[in-house]
Amino acid sequence: MALTAAERAAAGRLGISIDYVDDGGVTRSANEAAVRSAIDTLSSAGPVPSDDVEGPIAACVEPPSSDPDRPLRTWGFVAPLWSLRGPSDHGIGTYGDLTLVGDWVTEHGGSVVATLPMLASFAGEDSPYRPVSRRFWDEVYLDPSMWVSSGPAVGSGADIVDRDAVRAALRDALGPVAVDDPMIESDVDAELRVYARFRAAGERHGLDWRRWPASWRTEVPADAVDVDTVRWFEWSQMQCRRQLAAAADGLRRSGAVLLADLPVGAHPDGFDRWRHRRLFVDGFSIGAPPDGFNLDGQDWGIAPIHPVHAASPEGRAWFRSLLDHHATVAGLLRIDHVMGLHRQWWVPAGHDPVDGVYVRQPARAAWDEIAACSQQHGMAIVAEDLGTVPPEVRREMARRRALGMFVAQSELHPHSASLARRPSPLSVASFGTHDMSPIVPWWSEHGDVSRPVAAARDDVLAQLAASDAAIVLVDAGDVVLDPVQVN
């Protein structure tokens, strides 16, 4: 049934789009049932705060340049941390390996080490973009060598990383160390203690916190969880902070910086959703409509942010805490799906991504927090602006001096390694991204197969290197011509 005039008015008042323009410039109608569901969900909280607020606009800091009279032009190496394997690894890369990569990059004239999210994950979760929390690191990347002479070796040298097996073996090896550490009580901050009890409760009572007692809505009581499990999550998190801080210091000493990655959301059963439930919306998940990157659209299985509560003091402080968490170690921060700061594609539960609807978000508040964090910590911002991007997103990126992304495989002439368009000075250029095809399968499908893929790779990278792009990222998989997509 078509939307009534009253429903259309309500949608407009609440920031719900009844139509949108896709990445091909075609106007599409939103699913009417999704529009009605969004109206029902948001009507009690009132309209989204306006972004049309007078006053100065704070800009982000730009990446430092060795020559103040010229914009930054450098290159970096990008790889998932789990893939940074060595002859003596214990089945996965470690935080300390970031420094080794940084040494190699700077020796070859680069200055950026980029990786995927390094945030805490549940066992069995394959994607680093659905973490338990965006405020806590993943203990699976701890280097055990400072506590045990021979750490766990799970599939050392194997082509496939078994993160769950490594995680279990690491905990078996280091769990006794955590229990016996005499300094832990004085070092644990209040939020970490809440997090550790949450993780311990999940192991004892199941991950679905909606089934936990109502009295556990803000904090799990100490007597409801195993004390050694709590100790493990407290201790391992503190060691993550220390090892990552040491890695960041090592990168700076070598002349490099870490480009960290902030996902658009977290696991629906995770800590963030439980701890700050008022900020989230039930009955929907965030995704993306069909576009040139994914013809079926996407459903990422993460809860949307409530636009009104996101702009509240609680919402702003929480978002700032996510940024500050990464700024402790990163000189550059990639904001995944930056369009989500402006609007989010809400997919109703049980529906396909194509049946979603765009809901406006308080972009001004989010960008103000990003710029403030950037200025305080000297951390430059990279905005992932791929897919269906409305014009106001890139206008705001330009005003805030955030770098955009340029993906060469979307900019090549047909069956060619020649760029049809060059990246701008305010961009981070690469052949692809973590969720796009590596160059080997891409070239076999779209390129001139009579030409070696290595030659095509070198041609593309040479063009990017000669361009005005601020940073050119070289993917580890493409360096070794690995045909497997990492995520």
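Why are Phe271 and Trp274 separated by about one helical turn? The two residues stand three apart in helix H8 (residues 271-275), which means about one turn lies between them; helices here are DSSP runs of H or I with at least four residues, numbered from the N terminus. The model is predicted, with local features requiring pLDDT of at least 70 and side-chain atom pairs pLDDT 80 or more, whereas totals for chains, interfaces and linings use all residues. Residues are numbered from 1 along each chain as its sequence is written, and side-chain values use heavy atoms, without hydrogens and water.

Phe271 and Trp274 form a tilted aromatic pair, 5.8 Å centre to centre with 45° between the planes. Rings of Phe, Tyr and Trp (its six-membered ring) pair if their centres lie within 6.5 Å; planes under 30 degrees apart are stacked, over 60 edge-to-face, and the rest tilted. Phe271 is buried at 1% relative accessibility, and Trp274 is likewise buried at 1%, where buried means under 20% relative accessible area, exposed over 50% and partly exposed in between (1.4 Å probe, protein chains only). Ring pairs join both residues to Phe136, Tyr195, Phe198, Trp212 and Trp216 in a cluster.

The whole structure contains 21 aromatic pairs. In one of them, the rings of Tyr95 and Tyr141 have centres 5.7 Å apart and planes at 75°, so the pair is edge-to-face. Tyr95 is buried, with a relative accessible area of 0%, and Tyr141 is buried at 2%.

Charges also meet rings. The charged end of Arg163 sits over the ring of Trp82, 4.4 Å from its centre; the criterion is NZ of Lys or CZ of Arg within 6 Å of the ring centre and within 35 degrees of the ring normal.
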